[in-house]
Amino acid sequence: MIQVFQAAVLGQSTSIYTDTKTGISGGYMQYGNFSVLFAIPSNLTAYPNEFILQITGMRSSKSNGGGWTGISVKGGMIQGLLVIAYVDANTTGTNPTVKTQFRISPAYDTPQIFTGSATAQIISQFSNSTHYQITLRCLSCTSWNQAGISGSLDLSADSGTLGYGMASTSVPSDATALVQHDIGYSIFGINYSNIRAVGTNYASWIVGATTTTTASATPTSTTTTIPPGAIPTGTFDYIIVGGGAGGQVMANRLTESGKYSVLLLERGPPSTYANGGRDGPSWVQQNNLTRFDIPGLCNEIWHNSTGIRCNDYDNMAGCVLGGGTAINAGLFWRPPAIDFDNYFPSGWKSVDMTSAVNNVFNKIQSNDRTSMDGKYYLQEVNMIYNVISPALTNAGWTSVIANSVPNLKNRTFTHPPFMLRAFQFINGTRGGPLATYTLQSRQRSNLKIWFNTMAERVTRNGATITGVDIVNTAIGGYQGNVQLNANGRVILSAGSFGSPKVLWRSGIGSVDMLQVVAASTDSAKLTAQSNWIYLPVGYNLMDHTNTDMVFEHPSIVPYDFYAAWDNPITSDKTAYLNSRSGVLATAAPGISIAFHEIIEGNDGISRSVQWTARDEGSLGYSSSTSVTMSQYLGNGFTSRGRLGISSSLNTQVILKPYAQNENDIQAIIDGLVNVYTALSKVNGLTWIHPPPNSSLIDLENYVRSYTAGRGTNHWMGSNQMCADDGRNHKGRGGCVVDLNTKVYGTNNLFIVDASIFPHMPSTNPTAIILSVAEQAAIKILALSGGPTGSTTSTTTSSKTTTTTVTTKSSSTS
């Protein structure tokens, strides 16, 4: 599947540039061998629906000098019109023809040919042995509507975003298929106001442009249907939807007594080698490892996410056993008391959570030295820690061992703790819940895991859930309906995007989203409107708010984690394979230091700020000595977003939760000023973003005009837990689940994942999600009216081929 233009944690932004060959001035961004120039007319009345786009891409030896480069004019892949540039494989010579296509995509899958009115008039194009470039006037490119995706550009606004993706393989000669990007992708901010200001000569720039590309009226494509497996016979006491952080804990705790039969539905494949995964480069596979096992390969997800990432969300999520715990950097923070006491309801305060948190950290032992030889790799080599920590000390910050004093999160710094050294697992590899909760529960006969099997909806008789409709996502998955035993229960653990989607497709949510589902291809399967349960599903959406700073220092020595995928340094590979030591035992991208501060707001609310630093550039700048520091605004912020569902049944953020009010913005500013001031005293340090010698006003403007990616993919809150039944507000207020995590208006449907959080934590969220799942398991098992269970599983082997369930048509999602 194709996942182009997703917003990585790192963002870039444009600067004003004039192309010397064409004289065109506009917003310019360069990333490696790729660049884009975006020009807007100053007179939007005369030229109301167009812009100029110049795309420069790298020719690849993998495809005889081909490759493609694409731009999303709206930022995200499924949000906007896609403009694809590539070398025509049918032309020869030293200067083959560069072509363009318009595409659009309703999901993270192969984008389809766009059939609307967009037209590309070519201003110039050239190619040589290393690069290709095309400059085009894009007419009727500011609005689009196809395949349930509609949108527009407001070029009169102050700013916007563009997205890019690059591939080393050319567009096939039939020009309909498109191979996935494998070189890079991201989004970047773009300042329309500045670009309009330099667009006074737009009329002269478009003279001589000729039409060579129009949107196709007769696109052709092929669809491959994957045959589903026959559902094994039998029913279950518990069905868990999703094998992420919450689902792994629930599977372990529900099977622990041996009393209940439990089914875990995982829509993706296995991940780590011990759990049945086999994905990875050849040198990894040959040593009984996978890409998920090796910490130094975790950042590869941003370059190569085929078969791993959820294709129906508009943000990054891991659709693989383990979810985010299989693909993230493994930071593992013991939760501070404020993360429970400030915003969680009764029964979920820090005093109530002591046992649950201890259970997690007794099972998963965190460590800030992930290499088996006990050394700090990268932190000793690239000197980031040694550059930043003395400056913080001089500014009054204190060094701590983070998980020994979890409540000290104000003006403290630390070597970051990881979950990579895990109890009863090989040190130096990814540990966490996959190596503990999941490996342990998979040894029990009363647990079944069905991989490549996605839950579409729960089936219900009024308030009582009777089963789950499922569809296969790949070979080996199942399709049909799997049933509960009497008094059985369903646990949704599909995450802040996946669990809301199941609820909406089950007739549970706000009326506007349920009406979208009712008008979709799901209409025949959606329960009658008289059975709808109105709850605020999708509201209260949260994510840590990211703001990057970039500096250079001559002591920094970079490390190319991406090169380790195909061609690791021999000594590093040997150290890892022989003794689980060295740089590859360090999680990419080499986070060397973390530091925290609490900002007191004028509204009386304390807001937590976390910083991490890594040896790579961002915001459109990269050098061999650059460092990016990312600020996460967490506990205490009050901005909220909203998640929705499209007519093509994809989940999408319809309101972003970032910096929506003055107090949140001021906390970001105050935190940035404090760090900028402290580090400005470091000898040899040169600020890039913000610029050197920035005043307080400059730093404030830097934050207020920040257009780069704000997201961290720590999504939470879309099915909030509290004592206020959302039905009393007709789905426009209150909460989705009660204090036992049961969905209001149902008898036996529960949610255990990050979506039930009422507020963001202070730190990276893996450990606190596991802790909440531990507490949820205790509460659910203590409730009366559940399944009676038995000493043995009621299911047959997953190899059974009996078909007792009517097979339904495959999902369109």
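**Helix packing, cores and backbone exceptions in a predicted model**

Pro-589 sits in the loop that runs between helix H12 (570–579) and strand E28 (593–600); helices (H or I, at least four residues) and strands (E, at least two) are DSSP runs numbered from the N terminus. The peptide bond that joins Ala-588 and Pro-589 is cis, with omega about 10°. This is a predicted model, in which local features need pLDDT of at least 70 and side-chain atom pairs count only at pLDDT 80 or more, while totals for chains, interfaces and linings use all residues. Residues are numbered from 1 along each chain as its sequence is written, and side-chain values use heavy atoms, with hydrogens and water left out.

**Backbone exceptions**

- A cis peptide bond also links His-689 to Pro-690, with omega near -5°; Pro-690 is in the loop between strand E33 (686–689) and helix H14 (696–704).
- Ala-659, a residue other than glycine, has a positive phi near 45° and lies in the loop between strand E32 (651–655) and H13.
- Thr-741 is not a glycine, yet its phi is positive at about 70°.
- Thr-741 belongs to the loop between H14 and strand E34 (749–751) and counts as buried at 0% relative accessibility. Buried means under 20% relative accessible area, exposed over 50%, and partly exposed in between (1.4 Å probe, protein chains only).

**Helix H9 and its neighbours**

- Nine of the ten residues of helix H9 (residues 432–441) are buried, among them Pro-433, Leu-434, Tyr-437 and Leu-439.
- These buried residues pack against helix H3 (245–255), helix H5 (324–327), H7, strand E21 (447–450) and H15. Contact means heavy atoms within 4.5 Å.
- H3 and H9 pack at about 35°, with their axes 8 Å apart. Axes are lines fitted to C-alpha atoms, for helices over the stretch in contact, and angles run from 0 to 180 degrees between N-to-C directions.
- The H3 side of that contact includes Gln-248, Val-249 and Arg-253, and the H9 side includes Pro-433, Tyr-437 and Gln-440.
- The contact residues of H3 with H9 comprise five nonpolar, seven polar and one charged. Ala, Val, Leu, Ile, Met, Phe, Trp, Tyr, Cys and Pro count as nonpolar, Asp, Glu, Lys and Arg as charged, and the others, Gly among them, as polar.

**H7 against H15**

- Helix H7 (residues 350–363) packs with helix H15 (residues 766–782) at an angle of about 120°, their axes 8 Å apart.
- The contact includes Met-353, Val-357 and Phe-361 of H7 and Leu-770, Val-772 and Glu-774 of H15.
- Here the contact residues divide into eight nonpolar, three polar and two charged.

**Nonpolar cores**

- The largest nonpolar core has 146 residues, and Ile-388, Val-490, Phe-595, Met-629 and Leu-679 have the most contacts inside it. Such a core is a set of buried Ala, Val, Leu, Ile, Met, Phe, Trp, Tyr and Cys residues joined through side-chain atoms within 4.5 Å.
- Helix H13 (residues 662–679) supplies the largest share of this core, ten residues.
- A second, separate core of 37 residues includes Phe-38, Leu-81, Val-83 and Phe-114.
- Residues touched by Val-490 include Ile-239, Ile-465, Asn-748 and Phe-750, not counting residues up to four places away in sequence.

**A buried aspartate**

- Asp-522 lies in the loop between helix H11 (511–518) and strand E26 (533–534) and is buried, with a relative accessible area of 2%.
- Leaving out residues up to four places away in sequence, Asp-522 touches Arg-457, Arg-505, Val-517 and Leu-649.
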